[in-house]
Amino acid sequence: MTDTTQAAPAKKIFRSRSDRMLTGVCGGWAKYLNVDPSMVRIAAVAGAVVSAGVILPVYAAAAVLTPED
């Protein structure tokens with residue numbers, strides 16, 4: 001007996017070209033996580049405020065390192 005089931009293709013994260021405010025990072029993460037992009041943007045801003053800006057270099061790194069859609 002052979003197993004005919006196939007694994008689902010791996011999800012990849014990209015910066016969004018169509019759903020972007022600055023660089024498309026939040027839009028791409030929202031598509032990857034299958035959530036509303038506004039929620040990801042609110043979480044990013046809240047994280048920047050709560051962490052006193054520590055998340056800003058993380059966002060910048062994601063903008064540089066994440067490939068575009």
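Guide: Start with Leu 33, which has a relative accessible area of 46%. This is a predicted model, where local features need pLDDT of at least 70, side-chain atom pairs count only at pLDDT 80 or more, and totals for chains, interfaces and linings use all residues. Residues are numbered from 1 along each chain as its sequence is written, and side-chain values use heavy atoms, without hydrogens and water.

Visitor: Why is Leu 33 called partly exposed?

Guide: Buried means under 20% relative accessible area and exposed means over 50%, with partly exposed in between (1.4 Å probe, protein chains only). Leu 33 has 46%, so it is partly exposed.

Visitor: What makes Trp 29 and Tyr 32 an aromatic pair, and why is it edge-to-face?

Guide: Rings of Phe, Tyr and Trp (its six-membered ring) pair if their centres lie within 6.5 Å; planes under 30 degrees apart are stacked, over 60 edge-to-face, and the rest tilted. Here the centres are 6.1 Å apart and the planes make 80°, so the pair is edge-to-face. The structure holds one aromatic pair.

Visitor: How far apart are Trp 29 and Tyr 32 along helix α1?

Guide: They are three residues apart, so about one helical turn separates them. Helices are DSSP runs (H or I, at least four residues), numbered from the N terminus.

Visitor: How do you know that the charge of Lys 11 sits over the ring of Tyr 32?

Guide: The rule asks for NZ of Lys or CZ of Arg within 6 Å of the ring centre and within 35 degrees of the ring normal. The charged end of Lys 11 is 4.7 Å from the centre of the Tyr 32 ring and is counted as over it.

Key. Helices (H or I, at least four residues) and strands (E, at least two) are DSSP runs, numbered from the N terminus.
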